[in-house]
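This report describes one protein model, starting from a single residue and its contacts and then widening to the whole chain. The sequence and the coordinates are shown first.

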Amino acid sequence: MSILHVVGDALRDALGLIPLWGVRGLFLLLLFALMAWVVSLPNSETTDPESPRDRSGRNLKWWAWTAILIQIVVYSVF
């Protein structure tokens, strides 16, 4: 048994002590933080300057926000 086995076993045992509700909460917190970051991006970074002005999908941050929201719902329920 090498030193990597000892370290791996210790890490597996330590991570096994974390309750699943805590892992779920941390993951959802990460998704909420990602959602806040996406909303805070400037429009110049999320808008295609060559797309037509009246196009509904011109600003991509709202589509990204919606996709993250769907992931939050899925991981909250299941």
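Leaving aside residues up to four places away in sequence, K61 touches V38, V39, L41, P42, N43 and T46. The model is a predicted one, and the values below are computed from it. K61 is found in helix α4. Is K61 buried or exposed? Its relative accessibility is 8%, under the 20% cut-off, so K61 counts as buried.

One of the residues that K61 touches is P42, which is found in the loop between α2 and α3 (43–46). P42 has a relative accessible area of 43% and is therefore partly exposed. Along the chain P42 and K61 are 19 residues apart, and their C-alpha atoms are separated by 9.2 Å.

Helix α4 also holds I68. With a relative accessibility of 7%, I68 counts as buried. Its contacts, again not counting residues up to four places away in sequence, are L31, L34, M35 and V38. The C-alpha atoms of I68 and L34 are separated by 8.0 Å, although the two residues are 34 apart along the chain.

Which residues form the largest nonpolar core? It has six members: L28, L31, M35, V38, I68 and I72. Both α2 (20–40) and α4 (61–77) supply at least two residues of this core. The largest share, four residues, comes from α2. In soluble globular proteins, nonpolar side chains tend to be buried together.

M1 counts as exposed because its relative accessibility is 79%, over the 50% cut-off. The C-alpha atoms of M1 and A33, which are 32 residues apart along the chain, are separated by 41 Å.

The C-alpha separations given so far are collected here.

| Residue pair | Separation along the chain | C-alpha distance |
|---|---|---|
| P42 and K61 | 19 residues | 9.2 Å |
| I68 and L34 | 34 residues | 8.0 Å |
| M1 and A33 | 32 residues | 41 Å |

Turning to the whole chain, the protein has four helices and zero strands, and the pattern along the sequence is α-α-α-α. The radius of gyration is 20 Å, well over the 12 Å that the globule rule gives for 78 residues, so the protein is more spread out than a compact globule. Taken along the principal axes, the C-alpha atoms fill a box of roughly 65 × 30 × 15 Å.

Of the 78 residues, 15% count as buried. Among contacts with a separation of 6 or more, 51% are between residues 24 or more positions apart. The accessible surface comes to about 6,500 Å², and 71% of that surface belongs to carbon and sulfur atoms. As for charge, the protein has 6 positive and 6 negative side chains, with the centres of the two sets 7 Å apart.

Notes. Residues numbered from 1 in each chain as written. Predicted model: local features only at pLDDT ≥ 70, side-chain atom pairs only at ≥ 80, totals over all residues. Heavy atoms only, no water. Core = buried A, V, L, I, M, F, W, Y, C linked by side-chain atoms within 4.5 Å. Buried < 20%, exposed > 50% of the residue type's maximum accessible area, 1.4 Å probe, protein only. Rg over C-alpha atoms; globule rule 2.2 N^0.38 Å. Contact = heavy atoms within 4.5 Å. Areas by Shrake-Rupley, 256 points an atom, 1.4 Å probe, with all protein chains shown as cover. Lys, Arg positive; Asp, Glu negative; His and termini not counted. Charge placed at Lys NZ, Arg CZ, Asp CG, Glu CD.
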